[in-house]
Amino acid sequence: MMAWENQTFDSEFILLGIFDHSPTHIFLFSLVLGIFTVALIENTTMIFLIYLDTQLHTPMYFLLSQLSLMDLMLICTTVPKMAFNYLSGRTTISVTGCATQIFFYASLLSCECFLLTVMAYDRYVAICHPLRYPSLMSLKVRGLMVASCWILGSSDGVIDAAATFSFSYCGSREIAHFFCDFPSLLSHACNDTSTFETLLFICCIVMIVIPVVIIIVSYTRVLLAVIRMGSGEGRHKAFTTCSSHLMVVGMYYGAALFVYIRPTSDHSPTQDKMVSIFYTIFTPMLNPLIYSLRNKEVTRAFMKVLGKGKSG
């Protein structure tokens, strides 16, 4: 195949996607669209519930609303383009579109990594230092924490997008994925990408391993504090809240570690696509369910809004 090292921003990549037009794949595509719709409704509902109900104006729910916003943006970064290409029969994405996807995708993944760490710290302070909680998680403090998550995440997105498109690409323009993911793109690079892979590994240590260690330490101390609690009801409430967060952390970090800690040479396109579907499509749908179904306050707020709607 002809090289296309001197690509311009008029060049296009070919996304091979994950579905063909067989009956089974048409069903799976419809299922993904259904999951996308549910995730869209769930996360939008969570954001509005937390905004509308004054009883949910607490640090924990403020952080939860940010998680829902990130999930909403993450699923909208990949699925609409994939669906458009599948339905229109087109398989291309421009270099600009590809860079935009990489920026938002990498930024939001990083933002969630940092936000989940902040959420673990919030639970640690609430359970281990309840008297200091109002000052340690004041409006200003949590605002700065969330702003830091967005800034650090966006910085990572800029680095990943800029580094990915600093390489020359040759040979096939086909990306064995349903969106522009930089590990899939780097396999087509003409240049030596080992330096970038080292940088990516360091970024993963900062964004994944260090937050995981902080989360483990936080929850170890939380667990010890919960065990010492005299009240059975307090213990149950603490376990319920913390277990919801730990389920989300386990799903999210497990998938991220699998995809990004391995060298590019060890990546299997099929494995990467399957894992990517899990944390870019399934996880944004599951997060609100995990938090809302196990949370009486969210259920109460939802019923309250429904009640107002009916009475109105």
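**Figure 1. Helix α3 in the predicted model.** In this predicted model, 26 of the 34 residues of α3 are buried, so the helix is largely enclosed by the rest of the structure. The length of α3 agrees with its residue count, because 34 residues at 1.5 Å each should span 50 Å and the end C-alpha atoms are 49 Å apart. The helix lies across β1, β2 and β3. Relative to β2, α3 runs at about 80 degrees.

**Figure 2. The largest nonpolar core.** This core has 67 residues. The members that touch the most others are Leu64, Leu115, Leu116, Met119, Tyr253 and Ile281. At least two core residues come from each of α1 (23-52), α2 (59-88), α3 (95-128), α5 (139-164), α7 (194-227), α8 (232-260), α9 (269-293) and α10 (296-311). The biggest contribution is that of α3, with 14 residues.

**Figure 3. Surroundings of Met119, and another core.** Which residues does Met119 contact, leaving aside its neighbours within four places in sequence? They are Leu63, Leu64, Leu67, His245 and Tyr291. Of these, Leu64 is, like Met119, among the residues touching the most other members of the largest core.

Figure 4. The strands form an open sheet in the order β2-β1-β3, with mixed pairing. At the edges stand β2 (92-94) and β3 (174-175); each has a single partner strand, so one side of each is left without a neighbour in the sheet. Strand β1 (residues 12-15) is joined to β2 by 3 bridges, and these two strands run antiparallel. Within the sheet, Phe13 stands opposite Ile93 in β2.

**Figure 5. Helix α5 and its packing.** This helix has 26 residues. From first to last C-alpha, α5 reaches 37 Å, close to the 38 Å expected at 1.5 Å a residue. Its buried positions are Arg142, Val146, Cys149, Gly153, Asp156, Gly157, Asp160, Ala161, Ala163 and Thr164. What do the buried residues of α5 pack against? Their partners are α2, α3, α6 (182-186) and α7.

**Figure 6. Phe178 in the loop between β3 and α6.** Phe178 lies in this loop. Is Phe178 buried or exposed? Phe178 counts as buried because its relative accessible area is 1%, which is under the 20% cut-off. In sequence, Phe178 and Leu16 are 162 residues apart, yet their C-alpha atoms lie 6.4 Å apart in space. Neighbours within four places aside, the contacts of Phe178 are Leu15, Gly17, Ile18, Thr78, Met82, Lys273, Ser276, Ile277, Thr280 and Ile281.

**Figure 7. Glu42 in helix α1.** Glu42 is placed in α1. With a relative accessibility of 15%, Glu42 counts as buried. Not counting residues up to four places away in sequence, Glu42 touches Pro284, Met285, Pro288 and Leu289.

**Figure 8. Pro80 in helix α2.** Pro80 lies within α2. Its relative accessible area is 37%, so Pro80 is partly exposed. Beyond residues up to four places away in sequence, Pro80 touches Phe36 and Ile75. Pro80 and Phe36 are 44 residues apart in sequence, with 9.0 Å between their C-alpha atoms.

**Figure 9. The whole chain and its confidence.** The protein chain contains 10 helices and 3 strands. Along the sequence, these elements follow the pattern β-α-α-β-α-α-α-β-α-α-α-α-α. Of the 312 residues, 48% are buried. Among contacts between residues at least 6 apart in sequence, 79% join residues at least 24 apart. The mean pLDDT is 81, and 85% of residues reach 70 or more. Over residues 1-10 the pLDDT is below 50, although this stretch has 22 contacts in the model beyond near neighbours in sequence. Where pLDDT is low, the predicted coordinates should not be read in detail.

Methods:
Residues are numbered from 1 along each chain as its sequence is written. This is a predicted model: local features need pLDDT of at least 70, side-chain atom pairs count only at pLDDT 80 or more; totals for chains, interfaces and linings use all residues. Side-chain values use heavy atoms; hydrogens and water are left out. pLDDT is the predictor's confidence in each residue, from 0 to 100. Contact means heavy atoms within 4.5 Å. A nonpolar core is a set of buried Ala, Val, Leu, Ile, Met, Phe, Trp, Tyr and Cys residues joined through side-chain atoms within 4.5 Å. Buried means under 20% relative accessible area, exposed over 50%, partly exposed in between (1.4 Å probe, protein chains only). Helices (H or I, at least four residues) and strands (E, at least two) are DSSP runs, numbered from the N terminus. Two strands pair if DSSP finds at least two bridges between them. Axes are lines fitted to C-alpha atoms, for helices over the stretch in contact, and angles run from 0 to 180 degrees between N-to-C directions. The expected span of a helix is 1.5 Å times one less than its number of residues.
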